[in-house]
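This report describes how parts of one protein chain pack together. The sequence and structure come first, followed by the packing details.

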Amino acid sequence: MKGAMGLASEHPYWWRFWIVEGICTGLLFAVVQFWLREGFRPWIAVAFAGVIGCGELAKRRLKSSDEPPTTGLPSQQRWFLAVLAGLGVLIVGLRPVFDALDATNSVRLALVSAGAVVGVGYVLMGQLLAAYDIRAVDQYAFIGGGVWIMALSAAIPYVPLLEGWEYAALGAGIALHHVGTYAILSRY
């Protein structure tokens, strides 16, 4: 199992990050869905903070068992900041469009836009890993994940059953990808 994400031989805690982040993402998207459906409620803020806090505690615990790499791998923090910056640009730039749309179409536009940015971010991370001589199967996990996220983001607005649960569905899809990828890569 420690072979998941190919980084385990040199950085043993990294293989567990994949599953922790996938599950936390799925949970966070579900919490956001409740916020969109019910408006702000204190329990939603507590749940959101709880998921982030538990995820960070789990990752810190994993990191404590090994020294983080100082060289040889791309910066996950810089990549994450770039993705967040892209999402920020979308939010600011599309604000007039969101204001002109009804609630359902605003959610759809946000979902597709965010899914496109995050999906492209995953694909780019997969490409970036090639420059660091990370094995191809791990690169494909990110590239496939990016394609999966973009496909889900494009398809979800067309599924009437998911109306009102778009973000929860996307979060479940991302969590499914992470858990499935972990299961597959842990065998290599």
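A residue is called buried when its relative accessible area is under 20%, exposed when that value is over 50%, and partly exposed in between. The model discussed here is predicted.

**Lys63**

Lys63 belongs to helix 2, which spans residues 42–64. Because its relative accessibility is 35%, Lys63 counts as partly exposed. In sequence, Lys63 and Phe17 are 46 residues apart, while their C-alpha atoms are 9.3 Å apart in space.

In soluble globular proteins, nonpolar side chains tend to be buried together. Here the largest nonpolar core has 20 residues, and the members that touch the most others are Tyr122, Phe142, Ile156 and Leu170. Two or more residues each are supplied by helix 3 (76–93), helix 5 (103–131), helix 6 (136–155) and helix 7 (166–185). The most comes from helix 7, which gives 6 residues.

Which residues does Ile156 contact, once its neighbours within four places in sequence are left aside? They are Leu111, Leu162, Glu166, Ala169 and Leu170. Apart from this core lies another one of 6 residues, including Phe17, Val20, Leu28 and Val51.

**Helix packing**

Two packed helices are described by the angle between their axes and the distance between the axes. Two pairs are set out below.

| Helix pair | Angle between axes | Axis distance | Crossing |
|---|---|---|---|
| Helix 3 and helix 5 | about 155° | 10 Å | right-handed |
| Helix 5 and helix 6 | roughly 170° | within 7 Å | left-handed |

For the pair packed at an angle of about 155°, with axes 10 Å apart, the angle makes helix 3 roughly antiparallel to helix 5, because angles over 145 degrees count as such. On the helix 3 side, the contact is made by Trp79, Val83, Gly86, Leu87 and Leu90. Helix 5 contributes Ser113, Ala114, Val117, Val118, Gly121, Tyr122 and Met125. By class, the residues of this contact between helix 3 and helix 5 are 9 nonpolar, 3 polar and no charged.

In the other pair, the axes of helix 5 and helix 6 cross at roughly 170°, so helix 5 is roughly antiparallel to helix 6. The contact of helix 5 with helix 6 has 15 nonpolar, 8 polar and 1 charged residues.

Conventions. Residues are numbered from 1 along each chain as its sequence is written. This is a predicted model: local features need pLDDT of at least 70, side-chain atom pairs count only at pLDDT 80 or more; totals for chains, interfaces and linings use all residues. Side-chain values use heavy atoms; hydrogens and water are left out. A nonpolar core is a set of buried Ala, Val, Leu, Ile, Met, Phe, Trp, Tyr and Cys residues joined through side-chain atoms within 4.5 Å. Buried means under 20% relative accessible area, exposed over 50%, partly exposed in between (1.4 Å probe, protein chains only). Helices (H or I, at least four residues) and strands (E, at least two) are DSSP runs, numbered from the N terminus. Contact means heavy atoms within 4.5 Å. Axes are lines fitted to C-alpha atoms, for helices over the stretch in contact, and angles run from 0 to 180 degrees between N-to-C directions. Angles under 35 degrees count as roughly parallel, over 145 as roughly antiparallel, 65 to 115 as roughly perpendicular and the rest as oblique. A crossing is left-handed if the near helix is turned anticlockwise from the far one by less than a right angle, and right-handed if clockwise. Ala, Val, Leu, Ile, Met, Phe, Trp, Tyr, Cys and Pro count as nonpolar, Asp, Glu, Lys and Arg as charged, and the others, Gly among them, as polar.
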